[in-house]
Amino acid sequence: MRTRYACLREACLVLTALAVIPAPAPRAAEPLHVFAAASLTEAFQRIAAAYEARHPEREVVLNLAGSQQLAAQIEHGAPADVFASADQRWMDDLVAKGLVAGTPRIFVRNQLVVVVPRGGRVARLDDLARPRVKVVLAADAVPVGRYSRQVLEKMGGDPAFGHAFGERVLANVVSEEESVKAVRAKVQLGEADAGIVYGSDVTAAARTSVRTIAIPALLNVVARYPLARLRAARDAAAADAFVDLVVSPEGQAILAEHGFLPGPPP
Amino acid sequence: MTVRARRRRGERLLGLAWLTATALFLALLILPVAGLLLRVPPADLLRRMADPLVLQALWLSLTTSLAATAAVAVLGLPLAYALATRQFAGKRALEALVDLPMVLPPTVAGVGLLLAFGRQGLVGPALAVAGISIPFTSVAVVLAQMFVAGPFFVNAARAGFEAVDPALVRAAATLRATPGYAFRRVQLPLSRPALLAGAAMTWARALGEFGATITFAGNLPGRTQTMPLAVYIALQTDLEAAVALSVILLVVSFGLLVALRAVPRGARP
């Protein structure tokens with residue numbers, strides 16, 4: 001039978017275990033909260049590290065999710081200092097609601113590519129419309145999902161693919177994923193025969209399991225990423241310093257390494 | 001102050017603490033539900049209910065969650081019985097295994113299901129030979145719900161079997177009842193309230209399942225988009241629609257849970 005003391009001993013063990021887990025060292029300044037589109041994950045992790053190297057007193061906390069989710073969080077009062085969106089729609093939304101300080105600037109551009117598992121059934125763009133090919137797209141509410149549908153529409157207007165091409169590909173869609181990373185994961189796991197993602201999502205790690213098929217520039221959609229400090233930022237100077245770092249040659253070089261196209265010249 | 005008066009005062013204070021605790025806990029349950037209910041005008045709710053996409057998601061949610069509950073009840077009952085009545089090597093490990101889905105983040109459960117039943121998973125290629133492909137189908141939705149909600153039934157059923165007085169089973173045996181007959185006529189009826197409660201919990205958890213479903217089964221309206229997925233996708237564009245869908249799910253689930261509890265006493269053992 002378990003005695004009261006046995007319970008007490010277990011409780012002590014759990015408490016000791018909790019005490020042993022080291023708590024993060026405190027920093028001098030308030031952390032900087034950067035809300036960034038999921039597609040910026042790897043690049044912004046490096047930019048955040050570069051920022052912390054320059055400002056050791058300040059920690060950068062990245063909140064990475066779909067731009068639409070981030071915009072909703074900011075709208076409902078989440079503590080955010082900087083917002084980097086994958087779609088002008090959500091930034092415009094926040095501007096209209098008076099939550100953005102100053103004018104957002106386009107800091108980077110991104111193009112769509114088709115990703116397929118290595119050794120899979122899809123070798124060329126035409127194959128996307130073949131019967132029983134499993135295609136995953138992001139949901140229409142996600143920016144990349146909307147761009148993907150625009151590309152398919154453009155392909156339908158191109159005689160090389162034929163006008164029913166877009167509809168045939170859409171009929172092959174087996175899932176409308178909630179983020180671009182979920183689309184990539186389904187292709188990486190080999191569950192889907194093809195997916196449409198940003199060029200920046202085909203990272204070095206992803207390239208071991210997936211292959212890229214380029215979409216001709218004429219049919220492609222270029223996503224423009226706006227960046228801005230938010231009105232609610234607690235330390236405007238610190239937030240501006242982060243924005244400046246992203247648009248600086250150093251920040252742009254990091255973004256280019258991760259498959260992004262440079263933003264238009266200011 | 002007499003001893004009796006002091007004792008009476010102590011009783012009153014305890015009663016007050018009791019009431020306060022209950023009120024605080026109920027407030028935590030009621031306030032979010034009230035927040036959702038008060039946000040949507042009833043007319044708006046009816047209009048959304050008529051939306052084919054909503055009906056589709058609601059129907060899919062109800063059918064898959066009921067199928068998952070039935071499957072868990074059939075497949076989980078023998079295991080629950082064994083755990084309640086037998087001692088064997090590795091029982092502790094088996095108990096931990098049964099509880100595992102409750103602590104696993106559902107998204108991880110979804111990845112695990114893909115790595116098991118997916119095209120490149122452990123048993124996926126063998127299934128593919130037989131022409132069966134599970135991911136992105138309604139079957140995947142049911143499997144995800146079974147995985148995540150199964151422990152609720154097994155644990156409840158086990159507790160039910162454990163509560164049956166062994167003397168009754170022995171008495172049945174002395175009356176020359178075979179073990180199978182005793183199980184059907186003694187243990188099963190006596191544990192019925194526990195089995196029903198376990199099935200209700202499993203069904204409720206399956207109905208709310210999100211993470212494992214969107215990871216393993218994907219999100220396609222009509223085939224794998226259950227109500228929780230529809231709510232999540234709606235939340236990305238239209239908060240009002242998401243709240244309305246949640247309220248519909250809430251009302252339907254609440255109604256079914258109340259109906260389950262209202263099973264007439266006479267129908268129970």
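This is a predicted model: local features need pLDDT of at least 70, side-chain atom pairs count only at pLDDT 80 or more; totals for chains, interfaces and linings use all residues.

Visitor: How many bridges join S4(A) and strand S8, and in which sense do they pair?
Guide: S4(A) and strand S8 (residues 210-214) of chain A pair over 5 bridges in the antiparallel sense.

Visitor: And which other strands pair with S4(A)?
Guide: Strand S9 (residues 222-230) of chain A pairs with S4(A) in the antiparallel sense over 8 bridges, and A:Gln111 stands opposite A:Val222 there. Strand S10 (residues 261-262) of chain A runs antiparallel to S4(A), joined by 2 bridges, with A:Leu261 as the bridge partner of A:Arg109. S7(A) also runs antiparallel to S4(A), with 4 bridges, and A:Val115 stands opposite A:Gly195 in S7(A).

Visitor: What about A:Pro117, where is it placed?
Guide: A:Pro117 lies in strand S4 (residues 100-117) of chain A.

Visitor: Is it buried or exposed, and why?
Guide: A:Pro117 is buried, because 22 other C-beta atoms lie within 10 Å, and the cut-off for a buried residue is 20 or more.

Visitor: Which residues does A:Pro117 touch?
Guide: Leaving aside residues up to four places away in sequence, A:Pro117 touches A:Val187, A:Gly190, A:Ser209 and A:Val210.

Visitor: Let us turn to S5(A). Which strands does it pair with?
Guide: S5(A) pairs with S6(A) in the parallel sense over 4 bridges, where A:Ala138 stands opposite A:Glu177. S5(A) also pairs in the parallel sense with strand S7 (residues 194-198) of chain A, over 2 bridges. In S7(A), A:Gly195 is the bridge partner of A:Val136.

Visitor: Which residues lie on each side of S5?
Guide: In strand S5 (residues 135-138) of chain A, A:Val135 and A:Leu137 are on one side, and A:Val136 and A:Ala138 are on the other. These four residues are all buried, and both faces of the strand are covered. In a regular strand, side chains alternate between the two faces of the sheet.

Visitor: How is chain A divided into domains?
Guide: The domain assignment gives domain 1 (26-109 + 224-262) and domain 2 (111-214). The centres of domain 1 of chain A and domain 2 of chain A, taken over C-alpha atoms, are separated by 28 Å. Their contact takes 12 residues from domain 1 of chain A and 13 residues from domain 2 of chain A. By class, the domain 1 side of that contact has 4 nonpolar, 6 polar and 2 charged residues.

Visitor: And how many residues does each chain give to the contact between A and B?
Guide: Chain A gives 16 residues and chain B gives 14 residues. On the side of chain A, helix H3 (67-75) and strand S6 (173-177) each supply at least two residues. S6(A) gives the most to that side, with 4 residues. The residues of the chain A side divide into 6 nonpolar, 5 polar and 5 charged.

Visitor: Which residues touch the most other members of the largest nonpolar core?
Guide: They are A:Phe83 and B:Ala144, in a core of 127 residues. Helix H7 (residues 138-162) of chain B gives the most to this core, with 15 residues. Not counting residues up to four places away in sequence, B:Ala144 touches B:Gly110, B:Leu113, B:Glu209, B:Ala212, B:Thr213, B:Phe216 and B:Ala217.

Visitor: Why is H12 of chain B described as largely enclosed?
Guide: Helix H12 (residues 227-237) of chain B is largely enclosed by the rest of the structure because 8 of its 11 residues are buried. Among them are B:Met227, B:Leu229, B:Tyr232 and B:Ile233. The cover over the buried residues of H12(B) includes H3 of chain A, together with helix H3 (52-85), helix H11 (211-216) and helix H13 (239-261) of chain B.

Visitor: Last topic: what is phi of B:Phe136 and of B:Arg176?
Guide: Phi of B:Phe136 is near 70 degrees, a positive value in a residue other than glycine. Phi of B:Arg176 is near 70 degrees as well.

Definitions and conventions. Residues are numbered from 1 along each chain as its sequence is written. Chains are lettered from A and ligands numbered from 1 in the order in which they are written. Two residues are in contact if their C-beta atoms, placed from the backbone, lie within 7 Å. Ala, Val, Leu, Ile, Met, Phe, Trp, Tyr, Cys and Pro count as nonpolar, Asp, Glu, Lys and Arg as charged, and the others, Gly among them, as polar. A nonpolar core is a set of buried Ala, Val, Leu, Ile, Met, Phe, Trp, Tyr and Cys residues joined through C-beta atoms within 7 Å. A residue is buried if 20 or more other C-beta atoms lie within 10 Å of its own, exposed if 12 or fewer, and partly exposed in between; C-beta atoms are placed from the backbone. Two strands pair if DSSP finds at least two bridges between them. Domain bounds come from an automatic or database domain assignment.
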